[in-house]
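Good morning. Please look at the sequence and the structure on the screen, and I will walk through them.

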Amino acid sequence: LLKRVEGFVKCPTSGRPADQVGCAAVCVLVADSTLVCAGAGDCRAVLCRAGRAMDLSKDHKPTDEVERRRIEAAGGRIDSVPCGERVQHRINGNL
């Protein structure tokens, strides 16, 4: 099992551990009648109201057109890094 887990957490192309190739976080603060949501990376917050799901956030990806323009306007670049059958998109090579 340990060998299977080790193989799962490494990029098959670069061999780099998964904890060195990305991040994701979402946080929701509820205070009285105020709700604040913040997120980064591939994660979402969803609120259920009256049995219906309401998106509080959306995926924060560098390939999103609005996000790409924001990154490039700030002088950054988006790199496409092959990782096995997938491609990971890194900002300035490491974010």
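Buried means under 20% relative accessible area, exposed means over 50%, and partly exposed is in between, with a 1.4 Å probe and protein chains only. Glu67 sits in helix H2, which covers residues 65-73. Helices here are DSSP runs of H or I with at least four residues, strands are runs of E with at least two, and both are numbered from the N terminus. What does Glu67 touch, leaving aside its neighbours within four places in sequence? Its contacts are His60, Lys61 and Pro62. Contact means heavy atoms within 4.5 Å.

Before I go on, a word on what we are looking at. This is a predicted model, in which local features need pLDDT of at least 70 and side-chain atom pairs count only at pLDDT 80 or more, while totals for chains, interfaces and linings use all residues. Residues are numbered from 1 along each chain as its sequence is written, and side-chain values use heavy atoms, with hydrogens and water left out.

Now the whole chain. The protein chain has two helices and six strands. Read from the N terminus, the order is α-β-β-β-β-α-β-β. Of the 95 residues in the chain, 15% are buried. Take the contacts with a separation of 6 or more: 15% of them are between residues 24 or more positions apart. The accessible surface of the chain is about 7,500 Å², and 55% of it belongs to carbon and sulfur atoms. Accessible areas come from the Shrake-Rupley method with a 1.4 Å probe, and for residues only the protein chains shown count as cover.

Next, the charged side chains. How many salt bridges does the structure hold? There are six. A salt bridge is a side-chain nitrogen of Lys or Arg within 4 Å of a carboxyl oxygen of Asp or Glu.

Back to helix H2, then. Arg68 and Glu65 form a salt bridge, at 2.4 Å from N to O. These two residues are three apart in helix H2, so about one helical turn separates them. Arg68 is partly exposed at 26%, and Glu65 is partly exposed at 39%. Glu65 also has a salt bridge with Arg69, where the closest N and O atoms are 3.3 Å apart. Arg69 and Glu65 are four residues apart in the helix, which again means about one helical turn between them. Arg69 is partly exposed, with a relative accessible area of 46%. Put together, Glu65, Arg68, Arg69 and Glu72 are linked in a network of salt bridges.

Another salt bridge joins Asp64 and Lys58, at 3.8 Å from N to O. Asp64 is partly exposed at 28%, whereas Lys58 is exposed at 56%.

Lys58 brings me to Val46. The two are twelve residues apart in sequence, and their C-alpha atoms are 9.4 Å apart in space. Val46 belongs to strand E3, residues 46-49. Not counting residues up to four places away in sequence, Val46 touches Ala53, Met54, Asp55 and Leu56.

Which residues make the nonpolar surface patch of about 310 Å²? They are Val26, Val28, Val30 and Leu35. Patches are made of residues with over 30% relative accessible area and no salt bridge; like charges are joined within 9 Å, and nonpolar side chains (Val, Leu, Ile, Met, Phe, Trp, Tyr) within 5 Å. Strand E1, residues 25-31, gives the most to this patch, with three residues. Val30 lies in strand E1 and is exposed, with a relative accessible area of 58%.

Last, the cysteines. A disulfide is a covalent bond between the sulfur atoms of two cysteines. Here the term stands for a pair of cysteine sulfur atoms within 2.5 Å. A search of the whole structure finds zero disulfides. Cys27 is in none, and its nearest cysteine sulfur is that of Cys37, 7.9 Å away. Cys37 is likewise in no disulfide, with the sulfur of Cys27 as its nearest. Cys37 is partly exposed, at 26% relative accessibility.

That is all from me.
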